Amino acid sequence: MKKIVPNILVVDDSKAILIVMEAILNELGISNTITTCLNAKEALEKVKKDINYFDAIFTDLNMPEMDGMELIRHLGELHYQGGIIIVSEMDHKVISLAANLAKQHNAHLIGNIPKPVQLSQVSRLLIKVAQLNSHTLLKESAISKDELIDALKNDEITPFYQPKINADNNKIESVEVLARILSSKDDNIILPCRFINTAEQHNLINQITFSLFEKATSEFKNMTAQLGHDFKMAFNLSPTQLDDLNCPNKLLLILELNQLTPSNIIIEITEQHALSSLMQLETLNRLRMHGFGISLDDFGVGFTNMNQLRNLPFTEIKIDRSLISHIETDLFSQVVVSSLFNITSKDNLDLVAEGVERPEELDYLRHYRRNLAIQGFLFSRPKPQDEFISWAKDWLKTDGSPCLLYTSDAADDM
């Protein structure tokens with residue numbers, strides 16, 4: 001655990017709670033990187049010294065001078081990117097409101113732990129912190145600008161496919177297209193975490209996106225023909241790409257060349273960065289007017305509050321894996337996800353649970369059934385076209401139980 005979440009701050013006006021938290025974190029293998037504070041003001045000053053130092057902050061709610069909610073507000077104002085966990089008993093309404101307020105303050109509230117604190121609860125939430133950090137921290141060395149330019153010149157941007165499975169009828173509803181670099185020199189596969197940041201920093205992200213879009217849409221008809229039924233393809237766009245008002249026309253031209261229509265396509269916009277500029281909103285609206293599906297990706301790691309979901313033209317919401325992980329025992333995640341089900345049901349939006357890796361998570365989510373799709377390693381890892389088609393044909397022969405495919409699938413893809 002130490003390598004995943006190295007720096008922890010614990011804030012509580014009870015010395016006893018601080019001692020218990022230190023003991024639990026030491027038991028989990030996190031030592032010499034724990035900072036404790038008896039009041040929120042002191043904690044805030046420590047955060048200000050290095051906003052990127054702490055990976056997670058555990059805070060009480062009821063404290064003198066500055067309470068936990070005020071601390072969370074200040075952390076949001078400082079653009080603190082780590083995970084925040086409330087150490088306090090909370091009822092359903094308080095959890096829902098606290099999560100929504102945190103989003104409006106641009107803070108990542110990812111859970112709560114009731115007192116007395118248990119080791120298993122802390123361990124589970126540190127896993128969620130690590131999942132949150134996977135969005136914001138670069139775990140592997142990035143490739144250079146020149147290496148990325150060479151990959152583009154050599155046409156090495158390769159689409160991989162991961163299905164979204166209808167929780168009610170087990171049908172493949174759509175397939176997310178994910179970018180990989182397949183090296184022509186040694187056949188190594190380079191994951192997006194090593195090149196997307198480089199692409200965005202050097203204005204190469206559009207070249208990657210349109211190369212991926214062109215290749216995947218050219219493969220679309222072959223895939224649907226081999227599987228014998230239609231499904232949609234989903235592509236990721238970063239909010240910065242929405243600043244290009246001509247983006248919809250470029251996508252439409254590629255679709256026309258491949259004899260497809262926008263109704264075949266879902267555009268996924270990550271929630272990690274808030275949609276802000278008028279150009280981004282105009283492009284988003286224009287995409288929807290042309291008939292593209294619009295998905296809010298990674299809901300739970302960014303700053304879109306519940307009310308904004310009703311005002312922006314989304315057709316789909318994807319719940320981030322940090323809210324799905326161990327949801328069967330996590331009251332915080334259950335409340336937030338339940339609120340999403342209520343909103344999406346009323347507004348006729350599709351809902352996708354991403355990052356499903358355990359049968360227990362699937363069993364819990366299938367109780368909702370209505371307008372829910374499941375995506376995750378429990379079903380399939382992202383695969384190149386031929387491997388995906390082979391997996392999908394096998395899937396169509398099963399009764400919809402991932403257990404029948406998971407063992408061999410995981411072994412092939414690790």
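Student: Which residues of α8 meet which residues of α9?

Tutor: In this predicted model, F210, F213, E214 and T217 of α8 meet K250, L251, I254 and L255 of α9. Contact means heavy atoms within 4.5 Å. Helices (H or I, at least four residues) and strands (E, at least two) are DSSP runs, numbered from the N terminus. The model's local features need pLDDT of at least 70 and side-chain atom pairs count only at pLDDT 80 or more, while totals for chains, interfaces and linings use all residues. Residues are numbered from 1 along each chain as its sequence is written, and side-chain values use heavy atoms, with hydrogens and water left out.

Student: At what angle do α8 and α9 pack?

Tutor: Two packed helices are described by the angle between their axes and the distance between the axes. Here α8 (residues 205–227) and α9 (residues 247–257) pack at about 25 degrees, with axes 9 Å apart. The axes are lines fitted to C-alpha atoms, for helices over the stretch in contact, and angles run from 0 to 180 degrees between N-to-C directions. α8 and α9 are therefore roughly parallel (under 35 degrees; over 145 is roughly antiparallel, 65 to 115 roughly perpendicular and the rest oblique).

Student: How do α8 and α15 cross?

Tutor: The axes of α8 and α15 (residues 385–397) come within 10 Å and cross at roughly 25 degrees, which makes α8 roughly parallel to α15. On α8 the contact uses E219, N222, M223, Q226 and L227, and on α15 it uses Q385, F388, I389, A392, K393 and L396. By class, this contact of α8 with α15 has six nonpolar, three polar and two charged residues.

Student: And how do α4 and α13 cross?

Tutor: The axes of α4 (residues 92–104) and α13 (residues 331–346) come within 9 Å, crossing at roughly 75 degrees, so α4 is roughly perpendicular to α13. H92, I95, S96 and A99 of α4 meet L331, F332, V335, V336 and S339 of α13. Six residues in the contact of α4 with α13 are nonpolar and three are polar, with no charged ones.

Student: Let's turn to the backbone. Where is N106, and what is its phi?

Tutor: N106 sits in the loop between α4 and β5. Its phi is positive, about 60 degrees, although N106 is not a glycine.

Student: Which residues does a cis peptide bond join?

Tutor: K115 and P116, with omega about 0 degrees. P116 lies in the loop between β5 (108–113) and α5 (119–136).

Student: Which strand gives the most to the lining of the second largest pocket?

Tutor: Rolling a probe the size of a water molecule over the atoms shows where empty space is left. In this model, β13 (350–354) gives the most to that lining, with three residues. β6 (157–166), β7 (172–182) and β14 (372–375) are also among the strands that each supply at least two. The lining divides into five nonpolar, six polar and six charged residues.

Terms used
Nonpolar A, V, L, I, M, F, W, Y, C, P; charged D, E, K, R; others polar.
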